[in-house]
Amino acid sequence: MRVNVHRPEASIVRRAAETIRRGGVVAAPTDTLYGLLADARKPAAVREVFRIKRRPAHKPVLLLMDSLGRVRRVAHELPDALDAVAAAFWPGPLTVVLPARPEVPRTVTAGRGTVAVRVPRSPLVRALVRQAACPLTGTSANLSGRSGATSAREVFTQLGGRVTMLLDAGRVTRPVPSTIVDLSSDSPCLLREGCIGQDAIDRVLLHAGLAQLAGRR
């Protein structure tokens, strides 16, 4: 189904959100690659995402949000650094690892006690989060171990008809992965450098009077 990623049609957003609320899995473009979107509160829906992409169950899954307020519903003990980087880089391709609230399903956290969250730049994804009224899984729409899909055609080539709905917004033009920072402990660190460089994050933290990131680990 074709969709305008910048100005998503309300009827398509409603239909996709209803699919998600019913436990289905929607493949759609995010800021970086096409992703598999499902209701992260429903363990069965998350397990279906893992089944579709043949992902090992011991791996945690990223959550996509529409606001910092919704992040607070899945994470706690939020550090001051979160406010600083959220103001500077959200919406955008920055993923932050935080202490997870106990109610976040183990299918999401893999029992690690932390949850990775991002508020994407994509108006489509944020609209789906709002309409479905839940955090969405954000794992890439490809078979585990294969290259991420940059178009709906690539999603279909790898996953066939296993997703409930496929939203086609054309090719992703900047398939660079998000930057991941871990703010779940007293020693914030860079886990993966992607669209946003560590220097840019360190400048924000320094300006806020906070500790800069430790090097990549």
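Reader: Through how many residues does a hairpin join β1 to β2?
Author: This is a predicted model: local features need pLDDT of at least 70, side-chain atom pairs count only at pLDDT 80 or more, and totals for chains, interfaces and linings use all residues. Residues are numbered from 1 along each chain as its sequence is written, and side-chain values use heavy atoms, with hydrogens and water left out. Strands (E, at least two residues) and helices (H or I, at least four) are DSSP runs, numbered from the N terminus. The hairpin links β1 to β2 through four residues.

Reader: Which residue in β2 is the bridge partner of V26?
Author: Strand β1 covers residues 26-29 and runs antiparallel to β2, with four bridges between them. Two strands count as paired if DSSP finds at least two bridges between them. In β2, V26 has as its partner L37.

Reader: Which are the edge strands of the open sheet of three strands?
Author: Its order is β2-β1-β7, and the pairing is mixed. Each edge strand pairs on one side only; these are β2 (34-37) and β7 (165-166).

Reader: Which residues of β2 point the other way from Y34 and L36?
Author: In a regular strand the side chains alternate between the two faces of the sheet. All four β2 residues named here are buried (under 20% relative accessible area; exposed is over 50%, partly exposed in between; 1.4 Å probe, protein chains only). Opposite in direction to Y34 and L36 are G35 and L37.

Reader: How far apart are the end C-alpha atoms of helix α1?
Author: The expected span is 1.5 Å times one less than the number of residues. Helix α1 (residues 10-21) has twelve residues, which should span 16 Å. The model agrees, because its end C-alpha atoms are separated by 16 Å.

Reader: What arc do the buried residues of α1 cover?
Author: The buried residues are I12, V13, A16, A17, T19 and I20. They lie on the same side of α1, because around the axis they cover an arc (from the directions of the axis to the C-beta atoms) of only 155°.

Reader: Is L128 buried or exposed?
Author: L128 belongs to helix α6. Its relative accessibility is 0%, which means that L128 counts as buried.

Reader: What distance separates the C-alpha atoms of L128 and A16?
Author: Helix α6 (123-132) is among the elements that cover the buried residues of α1. Leaving aside neighbours within four places in sequence, L128 is in contact (heavy atoms within 4.5 Å) with residues including V13, A16 and A17. L128 and A16 are 112 residues apart along the chain, yet their C-alpha atoms are separated by 7.3 Å.

Reader: Which residue in β5 stands opposite V97?
Author: An open sheet of six strands has the order β6-β3-β5-β4-β8-β9. Within it, β4 (residues 94-99) runs antiparallel to β5 and is joined to β5 by four bridges. V97 stands opposite A116.

Reader: In what sense do β3 and β5 pair?
Author: Strand β5 (residues 114-118) is mostly covered, with four of its five residues buried. L64 has R118 as its bridge partner in β5. Over two bridges, β3 (residues 63-64) and β5 pair in a sense that is parallel.

Reader: Which residue lies over the face of F50?
Author: A charge sits over a ring if NZ of Lys or CZ of Arg is within 6 Å of the ring centre and within 35 degrees of the ring normal. At 5.5 Å from the ring centre of F50 lies R55.
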